[in-house]
Amino acid sequence: MDISVVGGGALGIGLFMAAWKDIRYRRVPNALIVVLAVMGTLMTAFVQGGASLLQQFAVAFAVFLALWVPWRKGWLGAADVKLHVVMALWLSPSHFLWWFLYCGLAGGFLALLLWQWLSVRQMTVPFTIRHSMAWWWSSLRSLPWTEVKVPYAVAIFCGYLPIYWDISY
């Protein structure tokens with residue numbers, strides 16, 4: 001069995017644990033993030049060699065800088081930024097770009113599901129199509145968007161699944 005498959009499985013387990021903690025407690029422990037970052041650095045050094053380690057650090061630093069502004073504006077949580085940096089340490093740049101795409105799609109789908117769930121919880125039964133459109137628009141405006149917290153570690157984990165499939169097969 002290839003060492004990258006074993007390491008990728010360990011990353012998958014760690015991301016699943018992060019997603020579970022994010023769903024349950026809305027927090028991802030820093031200890032878990034540090035362990036994943038150290039494992040990612042060691043796996044990169046072992047599998048790809050020390051020369052690519054500098055490239056991985058550069059990509060991770062660029063990801064951190066790119067996500068600094070969304071974090072400061074409150075659009076992303078600190079754990080989400082740290083998990084993105086961890087993924088930049090684990091994945092090659094080409095895999096990272098694909099993961100970023102899958103992660104964004106999963107995050108958008110998760111946000112839509114959460115929005116739908118919250119709007120259905122506030123729903124009163126409309127009688128006509130005109131009333132249902134008015135209800136939809138008023139429910140969209142009345143949702144507490146600043147209070148809604150999307151457990152984005154779930155999207156990070158879901159975005160990793162097709163990448164692991166590609167790595168292992």
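The legends below describe an overview and several close-up views of a predicted model.

Local features are reported at pLDDT of at least 70 and side-chain atom pairs only at pLDDT 80 or more, whereas totals for chains, interfaces and linings use all residues. Residues are numbered from 1 along each chain as its sequence is written, and side-chain values use heavy atoms, with hydrogens and water left out.

**View 1. Overview of the fold.** The protein has seven helices and zero strands, where helices (H or I, at least four residues) and strands (E, at least two) are DSSP runs numbered from the N terminus. Along the sequence the pattern reads α-α-α-α-α-α-α. Of the 169 residues, 37% are buried; buried means under 20% relative accessible area, exposed over 50%, and partly exposed in between (1.4 Å probe, protein chains only). Among contacts (heavy atoms within 4.5 Å) with a separation of 6 or more, 73% are between residues 24 or more positions apart. The protein exposes about 10500 Å², with 72% of it supplied by carbon and sulfur atoms; the areas come from the Shrake-Rupley method with a 1.4 Å probe, and for residues only the protein chains shown count as cover.

**View 2. Surroundings of His-84.** His-84 lies in helix 4 (residues 78-90). His-84 counts as buried because its relative accessible area is 3%. Leaving aside residues up to four places away in sequence, His-84 touches Val-63, Leu-67, Phe-96, Trp-99, Phe-100, Cys-103, Tyr-152 and Ile-156. Of these, Tyr-152 and Ile-156 are among the buried residues of helix 7.

View 3. Rings of Phe, Tyr and Trp (its six-membered ring) pair if their centres lie within 6.5 Å; planes under 30 degrees apart count as stacked, over 60 as edge-to-face and the rest as tilted. By this rule the count comes to eight aromatic pairs. One of them joins Trp-68 and Trp-71, a tilted pair at 5.2 Å centre to centre with 55° between the planes. Both residues lie in helix 3 (residues 50-72), three residues apart, about one turn of the helix. An α-helix has 3.6 residues a turn, so residues three or four places apart point the same way. Trp-68 is partly exposed at 40% relative accessible area, and Trp-71 is partly exposed at 30%. Together with Phe-64, these two residues form one aromatic cluster.

**View 4. Cys-103 and Cys-158.** The structure holds zero disulfides, a disulfide being a pair of cysteine sulfur atoms within 2.5 Å. The sulfur of Cys-103 has its closest cysteine sulfur in Cys-158, 9.0 Å away, so the two are too far apart for a bond. Cys-103 is buried, with a relative accessible area of 1%, whereas Cys-158 is partly exposed at 35%.

**View 5. Helix 7.** Helix 7 (residues 152-168) has 17 residues and should span 24 Å at 1.5 Å a residue, which agrees with the 24 Å between its end C-alpha atoms; the expected span is 1.5 Å times one less than the number of residues. The helix bends by about 30° at Leu-161, and Pro-162 follows within four residues. The bend is the angle between axes fitted to the seven residues ending at a residue and the seven starting there. Buried residues of helix 7 include Ala-153, Phe-157, Gly-159, Tyr-160 and Ile-163.

**View 6. Leu-114 and Pro-151.** Leu-114 is found in helix 5 (residues 93-121) and is buried, with a relative accessible area of 17%. The C-alpha atoms of Leu-114 and Pro-151 are separated by 9.8 Å, although the two residues are 37 residues apart along the chain.
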